[in-house]
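Subject: The structure I promised you

Hi,

Here is the structure we talked about. Have it open on your screen while you read the rest of this email.

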Amino acid sequence: MNNRLSRRDFLRLSSISLIGAAFRSAPAVTQPRPLFYGRVIFIYATAYSRPSVYAGTRIIYELETVLPIYAEVIGEDESAYNRRWYQTTDGYVHSTNVQPVLNQPNTPRTITTPQLGEITVPLADALAKPKTGSQEVHRLYYSTTHWIQRSQADDDGNAWYELLNDRSGHFYYVPATAVRLIPAEELSPISPWVADKRISLDTTTQTITAFENGRPVFTTRISSGGTFTDQATGEVKDFRTPLGEYRVNRKRPSRHMAAGDGAADDAYDLPGVPWVSYFNGGIALHGTYWHNDFGRPWSHGCINLLPQDAKWFYRWTTPVVPADRELVEALGTMVTVV
């Protein structure tokens, strides 16, 4: 359960030629329909005969393998901070090792003005040109969000969406079937009539709680900033989330987050980070697709959340972001970090 990668390693490994096709499905099975799927997000994921690292090993899945998940179960180790395991075709894998995903292709639409979209397949390659076989620019993952600029068809009649890289200003292209258009009503504010809203972030228990008029209405696990040791230099780097009181002051539904030049362990390059609510400079609440290890520190200072949880806070907090806006800046909901 500790097969942990730096973000740099994650991105490097996810692009190597050993991965093969866009995504590799697990062998066909005759079991009931899966509840959902899981994309292996570390170098490998081990399937055990029981939900325990002390059980016999059944099989080892490679990075980027997409597994059918038939059940969520509680692991046998009562002392573990995360006891969630997933039942697969071959046994049980710990939830840390996979990103929960669905495989839901979409009907292409004609796009002439920018619209927000969400990747709804396990992964999709973003290409330099709207043409099969074009150079891969990025690999986009399930639950990431992107601004679609327009639609177009290639010479073979395949539909593509042109996406904006909001960091570089460049464009890249993905099959239109991989992206779902997000309707405006799906982004409507939650509890807009409540004036007294407050967020409490507990870095000890690794939880976040939303309060309305002093009453808790939503709580879930997070991964806050932590300390990490650079494997090359041995230097300990402190990325712990600063304690104190802040206000949400900037929000955007999608952001290409990147830092470093790829040479350091703390470098990262993450397109399409969803549902971003900043509250302290570059520190924000946001959805996370590169790990599923909530409940312990993991980030470079931000508050990592499951994408669906980050979306809830994005809609619940102020300032409100209209569905057609890429960014809103204004003082809003109070955030207390302890």
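Below is what turned up, starting with the aromatic rings and ending with a pocket. One thing to keep in mind is that this is a predicted model.

**Ring pairs**

How many aromatic pairs does a search of the whole structure find? There are 12 of them. To describe such a pair, you give the distance between the ring centres and the angle between the planes.

Tyr48 belongs to strand β3 (residues 44-48) and Trp85 to strand β7 (residues 84-87), so the pair ties together parts that lie 37 residues apart in sequence. Are these two buried or exposed? Tyr48 has a relative accessibility of 14%, and since under 20% means buried, it counts as buried. Trp85, at 4%, counts as buried too.

Next, look at Trp275 and Tyr314. This pair is tilted, with 5.2 Å from centre to centre and 55° between the planes. It also links distant parts of the chain: Trp275 is in strand β24 (residues 268-280) and Tyr314 is in helix α2 (residues 307-316), 39 residues apart. Both Trp275 and Tyr314 are buried.

There is a cluster to find as well: Phe218, Trp312, Phe313 and Trp316 are linked by ring pairs.

**Charges over rings**

Go back to Tyr314 for a moment. The charged end of Lys251 sits over its ring, 5.0 Å from the centre. Elsewhere, Arg198 lies over the face of Phe211, and here the distance to the ring centre is 4.4 Å.

**Asp125**

Asp125 is part of strand β11 (residues 123-127). Its side chain makes a polar contact with the side chain of Arg139, at 2.8 Å. Setting aside neighbours within four places in sequence, Asp125 is in contact with Arg139 and also with Glu136, His138, Tyr173, Val174 and Pro175.

**The largest pocket**

The largest pocket has a volume of about 540 Å³. It is lined by 29 residues, and Pro100, Tyr142, Leu306, Pro307 and Gln308 are the ones nearest its centre. Which elements give two or more residues to this lining? They are β7, β9 (98-101), β10 (115-119), β19 (215-221) and α2. The largest share, 4 residues, comes from α2.

Technical notes:
Residues numbered from 1 in each chain as written. Predicted model: local features only at pLDDT ≥ 70, side-chain atom pairs only at ≥ 80, totals over all residues. Heavy atoms only, no water. Polar contact = N/O pair within 3.5 Å; in protein donor to acceptor, adjacent residues only side chain to side chain. Contact = heavy atoms within 4.5 Å. Phe/Tyr/Trp six-rings, centres within 6.5 Å; stacked < 30°, edge-to-face > 60°. Buried < 20%, exposed > 50% of the residue type's maximum accessible area, 1.4 Å probe, protein only. Lys NZ or Arg CZ within 6 Å of the ring centre and 35° of its normal. 1 Å grid on protein atoms, 1.4 Å probe; cavity = no way out; pocket = protein on both sides within 12 Å on 5 of 7 lines; lining within 4 Å. Points joined across faces, edges and corners; volume = space filled by probe spheres on them.
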